[in-house]
Amino acid sequence: MSAILRQVARAAPRQSRFLSTSQVSRKDLVQDMYLRELKAYKPAPQAKDAHLAHVKSYKAPSSPTPPALPADLASELAAYDAQEPGSAPATTASAETTTVTGDAAAEFLAHLEADIPKEVHH
């Protein structure tokens, strides 16, 4: 057995000579083509007026007109002074629709106070 180990030990240095520790450099053709095209790319120059299609021109808003005083200011002030405070113009149509009769209110309250019938489960 020692003879076999001696032969293997003698053969090991010879075999290690054939193995190299450096890697073989391989060229990546696709990467080279990609980098070459990136370097050769030149974007098209933009026109000087290209931004005008995206930007609106600014125009200042028109100045507001001052409020105009009524021509008959004295008569309107006199009519305002003649009104009694707290009296508003009466609207009869809206007052009639909003009143509720006592019978309708009593029926509604009775409906709210009524017991809710319980469901019978079998």
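For the protein chain the mean pLDDT is 79, and 75% of its residues reach 70 or more. This is a predicted model, in which local features need pLDDT of at least 70 and side-chain atom pairs count only at pLDDT 80 or more, while totals for chains, interfaces and linings use all residues. Residues are numbered from 1 along each chain as its sequence is written, and side-chain values use heavy atoms, with hydrogens and water left out.

The protein chain holds five helices and zero strands, and helices (H or I, at least four residues) and strands (E, at least two) are DSSP runs, numbered from the N terminus. The table sets out two of the helices, and the expected span there is 1.5 Å times one less than the number of residues.

| Helix | Length | First to last C-alpha | Expected span |
|---|---|---|---|
| α2 | twelve residues | 17 Å | 16 Å |
| α5 | twelve residues | 17 Å | 16 Å |

Buried means under 20% relative accessible area, exposed over 50%, and partly exposed in between (1.4 Å probe, protein chains only). Of the 122 residues in the protein chain, buried residues make up 0%.

Tyr 34 lies in helix α2 (residues 29–40), and this residue is counted as exposed because its relative accessible area is 54%.

Notes: pLDDT = per-residue confidence, 0-100.
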